[in-house]
Every structure is written in C-alpha cells, then in structure tokens.
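Hi,

Here is the structure I promised to pass on.

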Amino acid sequence: MSKKQIIRDYFQAWLKPNIEVIKSIFDKNATYSECYGPIYRNKKEIISWFEKWNKQGKVIAWPIEKILINENTCIVEWHFKCNYQKKISEFDGVSIIDFNDQNKIISAKEYQSKSQHYYPYSK
C-alpha cells in the first residue's frame, strides 16, 4: 500500500472510527505528538488514546488539503472538526509523518493553526 493511501486510511479511521486501521499502520515503537502537547510513545499508547478519545468524542470532518511525499517523510495539510465532550471545535493543521522501510508509521507530529483567518491589510 502506498504512503498516500496509508495516510488517507488513517484520517478515515478517525471518521468511522476504525481501530483495525490504527493497529495495522503504526510500528510498535511509533511516537505520536498531538498539536496541543500530548505525546504517545508507542503503538500501545496510540491505540489506547484512539479508543479513549472515541468514547468521548466524534470526528465530524478531517479533509486532507495536500500531501507532499519525500522518500519516507510526508507532510499533510488538513482541516479538523470534532465534537469532543459535547463541544464543537475546529482548526487547520499540518502533520509530519515518517515511515520506516516496511511502510509503517514511526513518527507523526501535528501542528495547528486557527481556522478563522483574517487579512489585517485589506480595505
């Protein structure tokens, strides 16, 4: 499976939700750094986070805007919207995702930006 398809499957796994995708695409020693601070240090922690999060929340939309691939590193631009603990939130973001030679994710780092932008120099 291509890196691009693995990334698309990962984003879709949050919409369904589908734990089997999460179990199949991460290396056992993978790390995942969320954009607001938490870091999961292995596949077991990533699976626990996914299961716990989906008991308290629902991803409403997570469209991918762009995927750039350079060998084993991918940069993904996206927009995220969810209902977590009965609160709707959304933001724009970028993920840097590294793969090993077996096409398993070994590192994912998220960065976020406010999704409501403005143009301070517009008339």
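Strand 6 and strand 7 make a hairpin, with five residues between the two strands. Look at Asn103 in that turn: its phi is positive, at about 65 degrees. Bear in mind as you read on that this is a predicted model.

If you want a spot to start from, Asp92 has Ser113 in strand 7 as its bridge partner.

Strand 7 (residues 105-113) also pairs with strand 1 (residues 26-33), this time in the parallel sense and over four bridges.

Stepping back, the protein chain has three helices and seven strands. Going along the sequence, the order is α-α-β-β-α-β-β-β-β-β. Among contacts between residues at least 6 apart in sequence, 45% link residues at least 24 apart.

What about overall dimensions? The C-alpha atoms fill a box of roughly 50 × 35 × 25 Å along the principal axes. The radius of gyration is 15 Å, which agrees with the value near 14 Å for a compact globule, because that is what the rule gives for 123 residues. Of those 123 residues, 37% count as buried. The chain exposes about 8000 Å², and carbon and sulfur atoms supply 50% of that area.

On the surface there is a nonpolar patch formed by Leu68, Ile75, Val94 and Tyr111, with about 340 Å² of accessible area together. Ile75 sits in strand 5 (residues 73-84). Its relative accessible area is 38%, so Ile75 is partly exposed.

Now the charged pairs: how many salt bridges does the structure hold? There are two salt bridges. In one of them, the side chains of Lys23 and Glu20 meet at 3.7 Å, N to O. These two residues are three apart in helix 2 (residues 19-25), so about one helical turn separates them. Lys23 counts as partly exposed because its relative accessibility is 35%.

Another salt bridge brings together the side chains of Glu45 and Arg41, at 2.8 Å, N to O. Is Arg41 buried or exposed? At 58% relative accessibility, Arg41 counts as exposed, while Glu45, at 23%, counts as partly exposed.

That's what I have for now.

Cheers

Methods
Residues are numbered from 1 along each chain as its sequence is written. This is a predicted model: local features need pLDDT of at least 70, side-chain atom pairs count only at pLDDT 80 or more; totals for chains, interfaces and linings use all residues. Side-chain values use heavy atoms; hydrogens and water are left out. Patches are made of residues with over 30% relative accessible area and no salt bridge: like charges are joined within 9 Å, nonpolar side chains (Val, Leu, Ile, Met, Phe, Trp, Tyr) within 5 Å. Accessible areas come from the Shrake-Rupley method with a 1.4 Å probe; for residues, only the protein chains shown count as cover. A salt bridge is a side-chain nitrogen of Lys or Arg within 4 Å of a carboxyl oxygen of Asp or Glu. Buried means under 20% relative accessible area, exposed over 50%, partly exposed in between (1.4 Å probe, protein chains only). Two strands pair if DSSP finds at least two bridges between them. The radius of gyration is taken over C-alpha atoms; the globule rule is 2.2 Å times the number of residues to the power 0.38. Contact means heavy atoms within 4.5 Å.
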